Amino acid sequence: MLFSMPVIVLTKVDLCDDVDTKLLEIENIAIGVPIIETSIVDEAGLSQIYQYLKEYHTVAFVGSSGVGKSSLINHVLGTDQLETGGLRNDDKGRHTTTHRELFMISGKGMVIDTPGMRELGMWSAQDGIDHTFSDIEELVGKCRFSDCSHGNESGCAVRQAVKDGLITEERYRAYMRLKAENAYNENAVDYLVAKKRKFKQIAKLNKHNYKQ
């Protein structure tokens with residue numbers, strides 16, 4: 001059975017003056033997702049990564065350029081197999097990885113290093129949204145209107161929960177952004193399927209007319 005488990009890794013915590021605030025911000029958005037604080041400099045938290053490295057399992061490090069993915073993988077491998085870059089003048093890491101690469105770790109599965117990503121897209125993520133934001137989804141059924149957009153409608157249970165402090169504004173916004181992006185992606189998929197079906201029918205018709 002294939003399954004995926006997200007884990008948030010905060011890298012370079014030695015460069016952050018207020019780690020607790022960052023942790024709180026992440027916890028309010030990614031409820032229930034494990035968070036690991038790491039630093040290559042003093043090796044803080046690195047040992048926690050090993051609990052996710054298991055035989056017959058594949059772990060992929062995903063993140064923006066320069067966040068320290070290659071450095072973490074070098075630590076896991078126990079050797080400097082991947083090129084890493086120093087810090088720029090703004091204390092941000094330099095982009096080094098240019099292609100995906102799979103590494104075998106004896107008795108601990110496989111690790112994938114990926115190039116830095118500018119953005120992550122979704123593909124049919126409704127189940128994931130329902131699970132991650134189960135608290136908000138439960139409130140949706142309590143809205144006065146069944147087609148509530150959770151914006152400015154009266155009787156919106158979701159907005160009321162935000163107003164009452166039961167849900168943070170940041171979590172609400174994250175939920176709305178993901179719902180909007182997922183709806184867009186689903187419409188795009190439907191459009192492409194319909195377009196493919198249309199051209200298939202045209203090709204079939206042209207072939208039939210040609211034979212006549």
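1. Surface first. The accessible surface of the protein comes to about 15,200 Å², and 52% of that belongs to carbon and sulfur atoms. Those areas come from the Shrake-Rupley method with a 1.4 Å probe, and for residues only the protein chains shown count as cover. Of the 212 residues, 26% are buried. Here buried means under 20% relative accessible area, exposed means over 50%, and partly exposed is in between (1.4 Å probe, protein chains only).

2. A word on what you're looking at. This is a predicted model, in which local features need pLDDT of at least 70 and side-chain atom pairs count only at pLDDT 80 or more, while totals for chains, interfaces and linings use all residues. Residues are numbered from 1 along each chain as its sequence is written, and side-chain values use heavy atoms, with hydrogens and water left out.

3. Now the overall layout. The protein has six helices and five strands, and from the N terminus on they run β-α-β-β-α-β-β-α-α-α-α. Helices (H or I, at least four residues) and strands (E, at least two) are DSSP runs, numbered from the N terminus. Among contacts with a separation of 6 or more, 56% are between residues 24 or more positions apart. Contact means heavy atoms within 4.5 Å.

4. On to the inside. The largest nonpolar core holds 15 residues, and Phe133, Ile136, Leu139, Cys143, Val158 and Ile167 touch the most other members. Helices α4, α5 and α6 each supply at least two residues of this core, with the largest share, four residues, coming from α5. A nonpolar core here is a set of buried Ala, Val, Leu, Ile, Met, Phe, Trp, Tyr and Cys residues joined through side-chain atoms within 4.5 Å. As background, nonpolar side chains in soluble globular proteins tend to be buried together.

5. Take isoleucine 136 as a way in. Setting aside its neighbours within four places in sequence, isoleucine 136 is in contact with Val158, Ile167, Arg171, Tyr172 and Tyr175. There is also a second, separate core of 13 residues, including Leu46, Leu53, Phe61 and Leu72.

6. How many salt bridges are there? The count comes to four, a salt bridge being a side-chain nitrogen of Lys or Arg within 4 Å of a carboxyl oxygen of Asp or Glu. One of them joins arginine 171 and aspartate 135, at 3.0 Å from N to O. Arginine 171 lies in helix α6 (residues 169-211) and aspartate 135 in helix α4 (residues 134-140), so this pair ties together parts that are 36 residues apart in sequence. Is arginine 171 buried or exposed? At 3% relative accessibility, arginine 171 counts as buried, whereas aspartate 135, at 28%, is partly exposed.

7. Another bridge links the helices α4 and α6. Glutamate 137 and lysine 179 meet through their side chains at 3.7 Å, N to O. Glutamate 137 belongs to helix α4 and lysine 179 to helix α6, and the two are 42 residues apart. Both ends are partly exposed: glutamate 137 has a relative accessible area of 22%, and lysine 179 has 26%.

8. Arginine 159 forms a salt bridge with glutamate 169, with the closest N and O atoms 3.7 Å apart. Arginine 159 is partly exposed at 27%, and glutamate 169 is partly exposed at 28%. Arg159, Glu169 and Arg173 are linked in a network of salt bridges.

9. Next, the rings. Arginine 159 also lies over the face of tyrosine 172, at 4.5 Å from the ring centre. A charge counts as over a ring if NZ of Lys or CZ of Arg is within 6 Å of the ring centre and within 35 degrees of the ring normal. As for ring against ring, a search of the whole structure finds one aromatic pair. Rings of Phe, Tyr and Trp (its six-membered ring) pair if their centres lie within 6.5 Å; planes under 30 degrees apart count as stacked, over 60 as edge-to-face and the rest as tilted.

10. Finally, two backbone spots to check. Lysine 12 has a phi near 55°, a positive value in a residue other than glycine. Lysine 12 is in the loop between β1 (8-10) and α1 (19-29) and is partly exposed, at 26%. Glutamate 43, also not a glycine, has a positive phi near 60°. Glutamate 43 is placed in the loop between β2 (35-37) and β3 (58-61), and at 51% relative accessibility counts as exposed.
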